[in-house]
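Please have the structure open while reading.

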Amino acid sequence: MDERTRLRLDVSYDGTDFSGWAAQPARRTVAGVLTGTLDLVLGAGTATGLTVAGRTDAGVHATGQVCHLDLPTEVWRQHDGRLLRRLARLLPPDVRVRAMTEVPADFDARFSAIFRRYEYRVTDAPWGAEPLRRTDTLAWPKPLDLAALNAAAAGLVGEHDFVAYCRRKENATTLREVTRLDWRREPDGILVATVQADAFCQNMVRSLVGAMLVAGDGRRPVEWPAALLNRRERASEVTVAPAHGLALVEVGYPADPAEYARRADLTRRLRVPVAEG
């Protein structure tokens with residue numbers, strides 16, 4: 001068997017015109033576009049095993065997505081130093097591969113990750129979102145109180161069963177540990193939620209944001225989002241926030257590459273992460 005080299009790809013994309021990350025028949029997806037472009041540059045099927053850290057939903061953006069793939073070592077040696085620029089010329093402008101790095105064979109973009117960090121952008125300006133930010137910022141129709149948003153967020157930090165905020169998947173746990181959840185108001189008035197956890201189940205991030213927003217505008221008490229953690233099924237009264245305000249901004253991995261395999265084994269034993277966003 002030919003020797004193969006594993007590569008880490010750092011990827012950014014504007015999710016507006018993508019049906020999410022995962023390849024789907026007859027739909028434009030990030031994985032589909034990336035695979036098609038790699039096939040064009042290297043030959044069909046040369047790059048194998050494309051695996052992503054977080055399978056973002058349709059309309060969700062990324063500035064810090066990570067994936068890995070394997071190339072025949074000979075092919076990588078031939079293209080190393082030129083492949084990034086060749087991809088830049090051929091990829092559509094709404095997806096960029098910003099780095100390609102050789103990593104150990106036991107690096108797994110999905111299972112070796114120790115955290116994913118998302119940001120969600122909201123404006124409560126009475127005129128709505130600025131036209132140049134309309135595809136990455138949610139316009140909220142009511143004034144939002146920063147202190148109330150952070151009070152609501154505080155009750156959601158920690159390890160909990162987030163089934164009230166998730167779309168349940170068969171044979172997959174909804175137990176997650178949220179290590180950071182807070183809001184800030186930028187100088188331009190935009191409110192930004194930062195949400196970090198070891199992993200997320202499907203719709204979890206946008207459901208959390210949806211619950212916090214109605215606490216932030218006063219329609220629900222600030223204790224309400226945390227109280228939903230007592231539920232044993234999806235909370236139907238939680239509205240999932242629109243996808244376009246959400247972006248995956250960072251995926252964290254062990255500092256020591258020798259820990260990649262151990263982390264991947266631990267993650268597989270604890271849970272099988274499902275689609276995110």
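**Helix α5**

Helices here are DSSP runs of H or I with at least four residues, numbered from the N terminus. The model is predicted.

Helix α5 has 13 residues. From its first C-alpha to its last, α5 reaches 18 Å, close to the 18 Å expected at 1.5 Å a residue. The helix is mostly covered, with 13 of its 13 residues buried. Just after α5, Gly218 takes a positive phi of about 90°.

**Packing of α4 on α5**

Helix α4 spans residues 146-154, and α5 spans residues 204-216. The two pack at an angle of about 135°. Their axes are 8 Å apart. The angle makes α4 oblique to α5. Their crossing is right-handed.

Which residues make the contact? From α4 come Ala148, Leu149, Ala152 and Ala153. From α5 come Met212, Leu213, Ala215 and Gly216. By class, this contact has seven nonpolar residues, one polar and no charged ones. Gly counts as polar in this scheme.

**Ala235 in its loop**

Ala235 sits in the loop between α6 (224-227) and β10 (246-252). Is Ala235 buried or exposed? Buried means under 20% relative accessible area. Ala235 is at 0% relative accessibility, so Ala235 counts as buried.

Ala235 touches Ala164 and Leu228, leaving aside residues up to four places away in sequence. Gly216, one of the α5 contact residues, is 19 residues from Ala235 in sequence. In space, the two are 18 Å apart, C-alpha to C-alpha.

Notes: Residues numbered from 1 in each chain as written. Predicted model: local features only at pLDDT ≥ 70, side-chain atom pairs only at ≥ 80, totals over all residues. Heavy atoms only, no water. Axes fitted to C-alpha atoms, helices over the stretch in contact; angles between N-to-C directions. Parallel < 35°, antiparallel > 145°, perpendicular 65-115°, else oblique. Left-handed = near helix turned anticlockwise from the far one by under 90°. Contact = heavy atoms within 4.5 Å. Expected span 1.5 Å × (residues − 1). Buried < 20%, exposed > 50% of the residue type's maximum accessible area, 1.4 Å probe, protein only.
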